[in-house]
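Here is a friendly walk through a few corners of this protein. Keep the model open beside you as you read.

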Amino acid sequence: MMMRPICIIALICVTFNLSAQQITPTPEQIKTLTAEWKGERFADGRPKTSDRFLARLKNVSLEEAWGYLRNKGYQNQFEGDWTIIRPDSVMVGRVVTAQYMPLRPDYDKLIKDKGKTEGRIGGTNSWPIDVLQNGDVYVADSYGKIVDGTLIGDNLGNAIYAKSHTGVVFYGSVRDIEGLEEINGFNGWVKGYDPSYIQQMMLAGINVPIRIGRATVLPGDVVLAKKGGIVFIPAQFLEDLVLNSEFVQLRDAFGHQRLREGKYTPGQIDQQWTDEIKKDFLQWLDIQKDLPMTRQELDAYMKDRTW
(Lines give C-alpha, C1' and ligand atoms only; values in the text may rest on other atoms or scores of the structure.)
Protein backbone atom coordinates (compact mmCIF):
# COMPACT_ATOMS: atom_id res chain seq x y z
CA MET A 1 0.00 0.00 0.00
CA MET A 2 1.45 3.40 -0.99
CA MET A 3 2.03 6.00 1.71
CA ARG A 4 0.47 9.40 1.27
CA PRO A 5 3.03 12.12 0.40
CA ILE A 6 2.43 14.00 3.67
CA CYS A 7 3.12 10.82 5.65
CA ILE A 8 6.34 10.27 3.73
CA ILE A 9 7.50 13.83 4.45
CA ALA A 10 6.60 13.48 8.14
CA LEU A 11 8.45 10.17 8.40
CA ILE A 12 11.58 11.61 6.79
CA CYS A 13 11.53 14.68 9.02
CA VAL A 14 10.99 12.64 12.20
CA THR A 15 13.74 10.19 11.27
CA PHE A 16 16.08 13.06 10.43
CA ASN A 17 15.45 14.98 13.64
CA LEU A 18 15.40 12.04 16.06
CA SER A 19 18.56 10.38 14.83
CA ALA A 20 20.62 13.58 14.82
CA GLN A 21 22.97 11.57 12.66
CA GLN A 22 22.47 13.66 9.55
CA ILE A 23 23.02 17.31 8.83
CA THR A 24 21.72 16.82 5.31
CA PRO A 25 19.22 14.15 4.22
CA THR A 26 20.59 11.43 1.97
CA PRO A 27 20.04 11.72 -1.80
CA GLU A 28 17.41 8.99 -1.55
CA GLN A 29 15.52 10.91 1.14
CA ILE A 30 15.57 14.08 -0.98
CA LYS A 31 14.33 12.05 -3.96
CA THR A 32 11.43 10.85 -1.80
CA LEU A 33 10.62 14.42 -0.72
CA THR A 34 10.59 15.54 -4.36
CA ALA A 35 9.15 12.39 -5.92
CA GLU A 36 6.97 14.25 -8.42
CA TRP A 37 10.07 15.49 -10.23
CA LYS A 38 10.88 12.98 -13.00
CA GLY A 39 13.92 14.63 -14.57
CA GLU A 40 17.65 14.86 -13.97
CA ARG A 41 18.99 15.33 -10.44
CA PHE A 42 22.11 16.62 -8.73
CA ALA A 43 24.31 14.20 -6.81
CA ASP A 44 22.67 15.38 -3.58
CA GLY A 45 19.24 14.29 -4.90
CA ARG A 46 17.81 17.74 -5.64
CA PRO A 47 15.93 18.25 -8.93
CA LYS A 48 18.18 19.67 -11.65
CA THR A 49 15.75 22.01 -13.39
CA SER A 50 16.60 23.47 -16.77
CA ASP A 51 18.88 26.53 -16.94
CA ARG A 52 16.96 27.60 -20.04
CA PHE A 53 13.62 27.68 -18.24
CA LEU A 54 15.18 29.34 -15.19
CA ALA A 55 16.34 32.19 -17.42
CA ARG A 56 12.90 32.52 -19.01
CA LEU A 57 11.24 32.48 -15.58
CA LYS A 58 12.61 35.99 -15.00
CA ASN A 59 9.99 37.32 -17.42
CA VAL A 60 7.09 35.72 -15.52
CA SER A 61 5.15 38.01 -13.19
CA LEU A 62 4.55 37.08 -9.57
CA GLU A 63 0.81 37.14 -10.22
CA GLU A 64 1.10 34.69 -13.11
CA ALA A 65 3.28 32.29 -11.13
CA TRP A 66 1.08 32.57 -8.03
CA GLY A 67 -2.11 32.07 -10.03
CA TYR A 68 -0.73 29.02 -11.83
CA LEU A 69 0.27 27.35 -8.56
CA ARG A 70 -3.05 28.17 -6.91
CA ASN A 71 -4.83 26.49 -9.80
CA LYS A 72 -2.67 23.41 -9.18
CA GLY A 73 -3.73 23.34 -5.52
CA TYR A 74 -0.53 24.88 -4.12
CA GLN A 75 -1.97 27.65 -1.98
CA ASN A 76 1.04 28.44 0.22
CA GLN A 77 3.99 29.29 -2.04
CA PHE A 78 4.26 33.08 -1.69
CA GLU A 79 5.86 35.36 0.88
CA GLY A 80 6.01 39.17 0.70
CA ASP A 81 7.24 42.11 2.79
CA TRP A 82 11.01 41.85 2.26
CA THR A 83 14.03 44.10 2.62
CA ILE A 84 15.77 43.74 -0.75
CA ILE A 85 19.40 44.60 -1.45
CA ARG A 86 18.71 45.42 -5.12
CA PRO A 87 14.94 45.98 -5.38
CA ASP A 88 14.87 46.50 -9.15
CA SER A 89 16.55 43.17 -9.90
CA VAL A 90 15.03 39.73 -10.41
CA MET A 91 16.52 36.60 -8.85
CA VAL A 92 15.79 33.04 -9.90
CA GLY A 93 17.48 29.80 -8.93
CA ARG A 94 17.29 26.35 -7.40
CA VAL A 95 16.77 26.18 -3.64
CA VAL A 96 19.27 24.97 -1.08
CA THR A 97 17.51 25.14 2.28
CA ALA A 98 18.85 25.64 5.79
CA GLN A 99 16.93 25.43 9.05
CA TYR A 100 18.08 27.46 12.07
CA MET A 101 16.69 27.28 15.61
CA PRO A 102 17.26 28.98 18.96
CA LEU A 103 20.40 27.55 20.54
CA ARG A 104 20.04 24.39 22.61
CA PRO A 105 23.54 23.27 23.72
CA ASP A 106 23.04 19.49 23.65
CA TYR A 107 21.53 19.45 20.16
CA ASP A 108 24.05 22.01 18.91
CA LYS A 109 26.87 19.75 20.14
CA LEU A 110 25.43 16.78 18.24
CA ILE A 111 25.31 18.82 15.03
CA LYS A 112 28.85 20.16 15.46
CA ASP A 113 30.26 16.76 16.36
CA LYS A 114 28.65 15.25 13.28
CA GLY A 115 30.00 18.09 11.20
CA LYS A 116 33.53 17.33 12.37
CA THR A 117 33.21 13.69 11.34
CA GLU A 118 32.07 14.88 7.90
CA GLY A 119 35.05 17.23 7.58
CA ARG A 120 33.00 20.43 7.77
CA ILE A 121 34.97 23.50 8.81
CA GLY A 122 34.18 27.00 10.04
CA GLY A 123 31.04 28.24 11.73
CA THR A 124 27.87 26.25 11.16
CA ASN A 125 26.32 29.20 9.32
CA SER A 126 28.97 28.68 6.62
CA TRP A 127 28.13 24.99 6.07
CA PRO A 128 25.14 25.58 3.76
CA ILE A 129 27.37 27.79 1.62
CA ASP A 130 29.79 24.91 1.07
CA VAL A 131 27.12 22.86 -0.74
CA LEU A 132 26.01 25.62 -3.13
CA GLN A 133 26.41 25.16 -6.87
CA ASN A 134 26.08 27.58 -9.75
CA GLY A 135 22.47 28.73 -10.04
CA ASP A 136 21.50 27.81 -6.46
CA VAL A 137 19.80 30.21 -4.06
CA TYR A 138 20.57 29.85 -0.35
CA VAL A 139 17.17 29.91 1.42
CA ALA A 140 17.21 29.89 5.22
CA ASP A 141 14.57 29.92 7.92
CA SER A 142 16.06 31.76 10.87
CA TYR A 143 12.63 32.27 12.45
CA GLY A 144 12.56 36.02 11.83
CA LYS A 145 15.39 36.82 14.24
CA ILE A 146 16.91 40.23 13.51
CA VAL A 147 19.12 41.29 16.45
CA ASP A 148 21.88 38.66 16.86
CA GLY A 149 20.28 36.75 13.99
CA THR A 150 22.57 37.92 11.17
CA LEU A 151 23.37 34.83 9.12
CA ILE A 152 25.95 36.49 6.88
CA GLY A 153 28.05 39.59 6.38
CA ASP A 154 30.07 40.64 3.37
CA ASN A 155 32.70 37.87 3.75
CA LEU A 156 30.14 35.07 3.54
CA GLY A 157 28.23 37.07 0.94
CA ASN A 158 31.27 36.97 -1.31
CA ALA A 159 31.61 33.23 -0.74
CA ILE A 160 27.93 32.70 -1.63
CA TYR A 161 28.19 34.68 -4.84
CA ALA A 162 31.43 32.96 -5.87
CA LYS A 163 29.65 29.59 -5.71
CA SER A 164 26.11 30.39 -6.83
CA HIS A 165 26.25 33.67 -8.78
CA THR A 166 22.84 34.49 -7.29
CA GLY A 167 22.09 35.44 -3.69
CA VAL A 168 20.04 34.61 -0.61
CA VAL A 169 16.54 34.48 0.85
CA PHE A 170 16.63 34.70 4.66
CA TYR A 171 13.65 34.70 6.98
CA GLY A 172 15.98 36.60 9.28
CA SER A 173 18.70 39.20 8.97
CA VAL A 174 22.14 40.11 7.60
CA ARG A 175 24.93 42.43 8.67
CA ASP A 176 27.52 44.48 6.71
CA ILE A 177 24.81 45.66 4.35
CA GLU A 178 27.10 48.19 2.65
CA GLY A 179 29.64 45.47 1.96
CA LEU A 180 26.95 43.18 0.55
CA GLU A 181 25.80 45.98 -1.76
CA GLU A 182 29.32 46.18 -3.16
CA ILE A 183 29.24 42.54 -4.38
CA ASN A 184 28.39 43.05 -8.03
CA GLY A 185 25.50 40.76 -8.97
CA PHE A 186 24.73 39.56 -5.45
CA ASN A 187 21.19 40.05 -4.19
CA GLY A 188 19.23 39.22 -1.09
CA TRP A 189 15.65 39.14 0.17
CA VAL A 190 15.82 39.36 3.97
CA LYS A 191 13.57 40.39 6.83
CA GLY A 192 15.94 42.97 8.24
CA TYR A 193 19.44 44.31 8.88
CA ASP A 194 21.37 44.59 12.12
CA PRO A 195 25.05 45.32 12.90
CA SER A 196 25.17 42.55 15.54
CA TYR A 197 26.88 39.17 15.19
CA ILE A 198 25.00 35.88 15.13
CA GLN A 199 24.38 34.61 18.68
CA GLN A 200 22.22 32.04 20.46
CA MET A 201 21.29 30.33 17.19
CA MET A 202 22.14 26.92 15.81
CA LEU A 203 22.00 25.18 12.47
CA ALA A 204 19.52 22.30 12.60
CA GLY A 205 19.67 20.97 9.05
CA ILE A 206 20.59 21.55 5.41
CA ASN A 207 18.29 20.67 2.51
CA VAL A 208 15.37 19.86 4.81
CA PRO A 209 11.79 21.14 4.41
CA ILE A 210 11.48 24.64 5.86
CA ARG A 211 8.88 27.35 6.36
CA ILE A 212 9.46 30.81 4.91
CA GLY A 213 6.63 32.93 6.29
CA ARG A 214 3.48 31.79 4.48
CA ALA A 215 5.33 29.31 2.29
CA THR A 216 6.53 25.73 2.64
CA VAL A 217 9.82 25.25 0.80
CA LEU A 218 11.57 22.03 -0.24
CA PRO A 219 15.14 21.57 -1.47
CA GLY A 220 15.19 21.85 -5.24
CA ASP A 221 12.22 24.22 -5.44
CA VAL A 222 12.70 27.17 -7.78
CA VAL A 223 12.81 30.75 -6.50
CA LEU A 224 11.17 33.61 -8.39
CA ALA A 225 12.10 36.70 -6.39
CA LYS A 226 10.97 40.17 -7.47
CA LYS A 227 10.25 43.56 -5.92
CA GLY A 228 6.78 42.45 -4.78
CA GLY A 229 7.85 39.23 -3.09
CA ILE A 230 8.85 35.64 -3.71
CA VAL A 231 7.11 32.63 -5.20
CA PHE A 232 8.60 29.21 -4.43
CA ILE A 233 7.84 26.90 -7.36
CA PRO A 234 7.91 23.10 -7.01
CA ALA A 235 10.42 21.81 -9.56
CA GLN A 236 7.89 19.66 -11.43
CA PHE A 237 5.89 22.73 -12.45
CA LEU A 238 8.69 24.98 -13.75
CA GLU A 239 8.54 24.16 -17.47
CA ASP A 240 4.75 24.17 -17.77
CA LEU A 241 4.44 27.32 -15.64
CA VAL A 242 6.87 29.20 -17.91
CA LEU A 243 5.21 27.99 -21.11
CA ASN A 244 1.77 28.84 -19.73
CA SER A 245 2.92 32.35 -18.84
CA GLU A 246 4.56 32.88 -22.23
CA PHE A 247 1.41 31.71 -24.02
CA VAL A 248 -0.75 34.06 -21.94
CA GLN A 249 1.61 36.92 -22.81
CA LEU A 250 1.16 36.16 -26.51
CA ARG A 251 -2.62 35.99 -26.16
CA ASP A 252 -2.60 39.32 -24.31
CA ALA A 253 -0.36 40.98 -26.92
CA PHE A 254 -2.65 39.78 -29.72
CA GLY A 255 -5.78 40.86 -27.84
CA HIS A 256 -4.40 44.30 -27.03
CA GLN A 257 -3.35 44.88 -30.64
CA ARG A 258 -6.73 43.86 -32.05
CA LEU A 259 -8.54 46.05 -29.50
CA ARG A 260 -6.43 49.06 -30.50
CA GLU A 261 -7.22 48.32 -34.15
CA GLY A 262 -10.93 48.11 -33.32
CA LYS A 263 -11.23 44.68 -34.95
CA TYR A 264 -12.88 43.10 -31.90
CA THR A 265 -14.79 44.39 -28.90
CA PRO A 266 -13.62 43.91 -25.30
CA GLY A 267 -16.46 41.45 -24.80
CA GLN A 268 -15.20 39.29 -27.67
CA ILE A 269 -11.62 39.24 -26.39
CA ASP A 270 -12.44 38.73 -22.72
CA GLN A 271 -14.64 35.68 -23.21
CA GLN A 272 -14.06 32.27 -24.80
CA TRP A 273 -12.66 32.99 -28.26
CA THR A 274 -14.67 32.07 -31.32
CA ASP A 275 -13.15 29.91 -34.04
CA GLU A 276 -12.71 33.05 -36.13
CA ILE A 277 -10.60 34.76 -33.43
CA LYS A 278 -8.57 31.59 -32.85
CA LYS A 279 -7.79 31.40 -36.57
CA ASP A 280 -6.81 35.07 -36.57
CA PHE A 281 -4.54 34.47 -33.57
CA LEU A 282 -2.76 31.57 -35.29
CA GLN A 283 -2.18 33.69 -38.39
CA TRP A 284 -0.91 36.53 -36.18
CA LEU A 285 1.58 34.12 -34.56
CA ASP A 286 3.00 33.22 -37.98
CA ILE A 287 4.25 36.78 -38.54
CA GLN A 288 5.73 37.34 -35.07
CA LYS A 289 9.53 37.54 -35.18
CA ASP A 290 10.31 37.48 -31.45
CA LEU A 291 8.43 34.65 -29.79
CA PRO A 292 9.30 34.01 -26.11
CA MET A 293 9.54 30.26 -26.82
CA THR A 294 10.53 28.21 -29.86
CA ARG A 295 7.83 27.57 -32.44
CA GLN A 296 8.19 23.85 -31.72
CA GLU A 297 7.49 24.46 -28.02
CA LEU A 298 4.54 26.68 -28.91
CA ASP A 299 2.98 24.16 -31.28
CA ALA A 300 3.40 21.33 -28.76
CA TYR A 301 1.89 23.46 -26.00
CA MET A 302 -1.12 24.50 -28.07
CA LYS A 303 -2.00 20.87 -28.85
CA ASP A 304 -2.98 20.37 -25.21
CA ARG A 305 -4.12 23.91 -24.50
CA THR A 306 -7.81 24.49 -23.80
CA TRP A 307 -8.63 27.97 -25.07
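Which helices do the buried residues of α12 pack against? They pack against α3, α9 and α11. Bear in mind that this is a predicted model.

Let's look at α12 itself, which runs over residues 295-304. Glu 297, Leu 298, Tyr 301 and Met 302 are its buried residues. They sit on the same side of α12, because the arc they cover around the axis is only 125 degrees. Turn to the other side of α12 and you will find Gln 296, Lys 303 and Asp 304, which are exposed.

| Helix packed against by the buried residues of α12 | Residues |
|---|---|
| α9 | 238-261 |
| α11 | 275-286 |

Of these partners, α9 has 24 residues. From its first C-alpha to its last, α9 reaches 35 Å, close to the 34 Å expected at 1.5 Å a residue.

The space in the second largest pocket is about 250 Å³. Its lining is made up of 17 residues, and those nearest the centre are Lys 58, Met 91, Val 92, His 165 and Thr 166. Sorted by class, the lining of the second largest pocket holds nine polar, five nonpolar and three charged residues.

Terms used. Residues numbered from 1 in each chain as written. Predicted model: local features only at pLDDT ≥ 70, side-chain atom pairs only at ≥ 80, totals over all residues. Heavy atoms only, no water. 1 Å grid on protein atoms, 1.4 Å probe; cavity = no way out; pocket = protein on both sides within 12 Å on 5 of 7 lines; lining within 4 Å. Points joined across faces, edges and corners; volume = space filled by probe spheres on them. Nonpolar A, V, L, I, M, F, W, Y, C, P; charged D, E, K, R; others polar. Buried < 20%, exposed > 50% of the residue type's maximum accessible area, 1.4 Å probe, protein only. Helix = DSSP H or I, 4+ residues; strand = E, 2+ residues; numbered from the N terminus. Arc of directions from axis to C-beta. Contact = heavy atoms within 4.5 Å. Expected span 1.5 Å × (residues − 1).
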